[in-house]
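I opened this model to see what holds its parts in contact. My notes run in the order in which I looked.

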Amino acid sequence: MKKSLYLYLFIIAVLMNVFTYVWFTKQLTFEEQRYDKFSSKMADSLLVSYNNSLDANYFSLAYNDNAKNYFEKHDTAELIPRITDKIMDLNDSPDGNSLLPYGRLNEEKFIINKVRILNHRWIIADFSDGKLWGEILLKYFIEEDGSVTFDEIESLLYQPRTDSQE
């Protein structure tokens, strides 16, 4: 009786080990497949993000070789911040940025918030007074003495939002 009990226990232990081995092997295979799917999705999403970044930077002096070639005498890596700083420095005026065609419409002055240098000639900028928002397209020139001059091409002021649109 004792012999058959040990035999049954041995058989049950062997079966449990076999089932456990099979379960862990399948679990490992399942986890590897899941990791491979996740890795391929992440690689695809990184590629999509990279392509979106390239598309977003298509109109940018930093990535436009033709526009960079125009500035053969200047380093564009140094030129971009210098132009941006020059525009932002004009925000310090008590009447607002002098590049903007709008005076004070409310109690606040219009200032430029963001600047994007599109190529060797154009700049697009976002401006606001805290309540009203707009955009302006500027033409810029680098003079022989290294100074920067700006001309307004076009600007627009968005309609203020009403409470029903929020």
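The entries below go from ground rules to core, helix, rings and single residues.

**Ground rules.** I am working on a predicted model, where local features need pLDDT of at least 70, side-chain atom pairs count only at pLDDT 80 or more, and totals for chains, interfaces and linings use all residues. Residues are numbered from 1 along each chain as its sequence is written, and side-chain values use heavy atoms, with hydrogens and water left out.

**Core.** I looked up the largest nonpolar core and found 21 residues in it. By nonpolar core I mean a set of buried Ala, Val, Leu, Ile, Met, Phe, Trp, Tyr and Cys residues joined through side-chain atoms within 4.5 Å. Buried is under 20% relative accessible area, exposed is over 50%, and partly exposed is in between (1.4 Å probe, protein chains only). Among the residues with the most contacts inside this core are Ile-83, Ile-123, Tyr-140, Ile-142 and Phe-150. Which elements supply at least two residues each? I listed helix H3 (76-89) and the strands E1 (111-117), E2 (122-128), E3 (133-142) and E4 (148-157). E3 gives the most, with 4 residues. These elements are DSSP runs numbered from the N terminus: helices are H or I with at least four residues, strands are E with at least two.

I then took Ile-142 by itself. Leaving out residues up to four places away in sequence, Ile-142 touches Phe-71, His-74, Leu-79, Arg-82, Ile-83, Ser-147 and Val-148. Contact here means heavy atoms within 4.5 Å.

**Helix H3.** I checked the length. The 14 residues of H3 should span 20 Å at 1.5 Å a residue, and the end C-alpha atoms are 19 Å apart, which agrees. The expected span is 1.5 Å times one less than the number of residues. Which residues of H3 are buried? Thr-76, Leu-79, Ile-83 and Ile-87 are. They lie on the same side of H3, because they cover an arc of only 65° around the axis. That arc is taken from the directions from the helix axis to the C-beta atoms. An α-helix has 3.6 residues a turn, so residues three or four places apart point the same way. The buried residues of H3 pack against helix H2 (65-70), E1, E2, E3 and E4. On the face turned away from the buried side I noted the exposed residues Ala-77 and Asp-89.

**Rings.** I searched the whole structure and got 7 aromatic pairs. Rings of Phe, Tyr and Trp (its six-membered ring) pair if their centres lie within 6.5 Å; planes under 30 degrees apart count as stacked, over 60 as edge-to-face and the rest as tilted. Tyr-58 and Phe-59 are edge-to-face, 5.0 Å centre to centre with 90° between the planes. Tyr-58 counts as exposed at 58% relative accessibility, and Phe-59 counts as exposed at 55%.

Phe-110 and Phe-127 also make an edge-to-face pair, at 5.6 Å and 75°. This pair links distant parts of the chain, with Phe-110 in the loop between H3 and E1 and Phe-127 in strand E2, 17 residues apart.

**Ser-128.** This residue is in strand E2. Ser-128 counts as buried at 6% relative accessibility. What does the side chain of Ser-128 make a polar contact with? The partner is the side chain of Asn-113, at 3.1 Å. A polar contact is a pair of N or O atoms within 3.5 Å; within protein, one must be able to donate a hydrogen and the other to accept it, and residues adjacent in sequence count only if both atoms are side-chain atoms. Beyond four places in sequence, Ser-128 is in contact with Lys-109, Phe-110, Ile-111, Asn-113 and Trp-133.

**Distances.** Tyr-8 lies in helix H1 (residues 2-56) and counts as exposed at 54% relative accessibility. The C-alpha atoms of Tyr-8 and Phe-59 are separated by 77 Å, for 51 residues along the chain. Gly-146 lies in the loop between E3 and E4 and is buried at 18%. The C-alpha atoms of Gly-146 and His-74 are 72 residues apart along the chain and separated by 9.2 Å.
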